[in-house]
Amino acid sequence: MTRPIKSIVVLTGAGISAESGINTFRASDGLWENHSIDDVATPEGFARNPQLVHHFYNRRRQQLLNPSVQPNPAHMALARLEREFPGNVLLVTQNVDNLHERAGSQNLIHMHGELMKMRCECTQLIFASSIELSFDNLCRCCQEPGNLRPHIVWFGEMPLQMHEITQALESCDLFLSIGTSGNVYPAANFYHSAKSHGAQTVELNLEHTHSDFDEHIYGAASSIVPAYVEGLLRSA
Ligand code: BV8
């Protein structure tokens, strides 16, 4: 007997933004723009060659700002779920794009950071990022070059707001995983935490992953997510 649904946690990954034209992490076989993950998505890589890493994120920022990249019906459906569901909906995304907020989602945690923000390594102050960030940019706090980095969680760094996420996973009644391969931790363990605290767990993805969710719904996010949200709202 499943308990009534009063609280929902949704985890999204790169697959929800694929139909908006943003490459997924896996489809590049762990290579982005022909760069190895170690070179462009680790603190060691940034220390070795900050200009290479700034160039890598500048290109992804430019892509995100292309007018052809817009929220798709899956992003819109999750914003509708937050607006219309008679309970709490927390959206945790692994994605660093801003498509969820542009679709209207507000109760949103970017656990891997945000492409459109930069951070001073001395003061930890966060600023809206200019499109082109380079080693020479001065941070507004220290007024010195060389302190700014993308506000991105790299491999080997602690994801953001893990305390809030853990609390939500332990108290939710329904956990939805959308468009993620479950290859990156600790996000890949979230369903297990929710399930062990009695939540129903549903995976909505293009292909099967290795996790034993209670329910699997396969297909393209822009069609399966709106349909699933419609059903959830009708039965609420
Ligand atoms: C940490 C920012 C500890 C960068 C990213 C346990 C075991 C093994 C390894 C580890 C472990 N614990 C920690 C690790 C190390 C590491 C890790 O998990 N490595 C992996 C590769 C094995 N984890 C970390 O380092 C994390 N930190 O654990 O810190 C710690 C503790 C104390 C103190 C300090 C530290 C930090 C990880 C964060 C890395 N940063 N992003 C950037 O984006 O530039 S991760 C990166 O991968 C992206 O954020 C991406 O979103 C994310 C996950 O990938 P997915 O979103 O799942 O994307 P993917 O392409 O893989 O899958 C897409 C899916 O969508 C597919 O299934 C596909 O079928 C589907 N799909 C495609 N199209 C559609 C679709 N579905 C529906 N519709 C479609 N149209």
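Colleague: Which residue forms a salt bridge with E84?

Modeller: This is a predicted model, in which local features need pLDDT of at least 70, side-chain atom pairs count only at pLDDT 80 or more, and totals for chains, interfaces and linings use all residues. Residues are numbered from 1 along each chain as its sequence is written, and side-chain values use heavy atoms, with hydrogens and water left out. A salt bridge is counted when a side-chain nitrogen of Lys or Arg lies within 4 Å of a carboxyl oxygen of Asp or Glu. With the closest N and O atoms 3.0 Å apart, the partner of E84 is R80.

Colleague: What separates E84 and R80 in helix α4?

Modeller: Helices are DSSP runs of H or I with at least four residues, strands are runs of E with at least two, and both are numbered from the N terminus. Helix α4 covers residues 73–84, and the two residues are four apart in it. The separation of E84 and R80 is therefore about one helical turn.

Colleague: Is E84 buried or exposed, or in between?

Modeller: Buried means under 20% relative accessible area and exposed over 50%, with partly exposed in between (1.4 Å probe, protein chains only). R80 has 24% and is partly exposed. E84 has 42% relative accessibility, so it counts as partly exposed.

Colleague: How many residues apart are K195 and D212?

Modeller: Their side chains meet in a salt bridge at 3.8 Å, N to O. K195 sits in helix α7 and D212 in the loop between β10 (200–205) and β11 (215–218), distant parts of the chain. The separation of K195 and D212 is 17 residues.

Colleague: Which residues do salt bridges that share partners join into one network?

Modeller: Side chains of opposite charge can pair when their charged atoms come close. By the rule used here, the count comes to nine salt bridges. Those that share partners form one network of R80, E84, E230 and R234.

Colleague: How many residues apart in sequence are the parts that R3 and D173 tie together?

Modeller: The closest N and O atoms of this salt bridge are 2.7 Å apart. R3 lies in the segment before β1 (7–12) and D173 in the loop between α6 (162–171) and β9, so the parts tied together are apart by 170 residues. As for accessibility, R3 is partly exposed at 33%, and D173 is buried at 10%.

Colleague: Which residue in β8 is the bridge partner of G113?

Modeller: Strand β6 (residues 113–120) and β8 pair in the antiparallel sense over four bridges. In β8, the bridge partner of G113 is I152.

Colleague: What is the phi of Q124?

Modeller: Most residues other than glycine have a negative phi, and most peptide bonds are trans. Q124 is found in the loop between β6 and β7. Though not a glycine, Q124 has a positive phi of about 65°.

Colleague: Is the peptide bond from Y185 to P186 cis or trans?

Modeller: P186 is placed in the loop between β9 (174–178) and α7 (190–196). With omega near 0°, the bond from Y185 to P186 is cis.

Key: Pairing = 2+ DSSP bridges.
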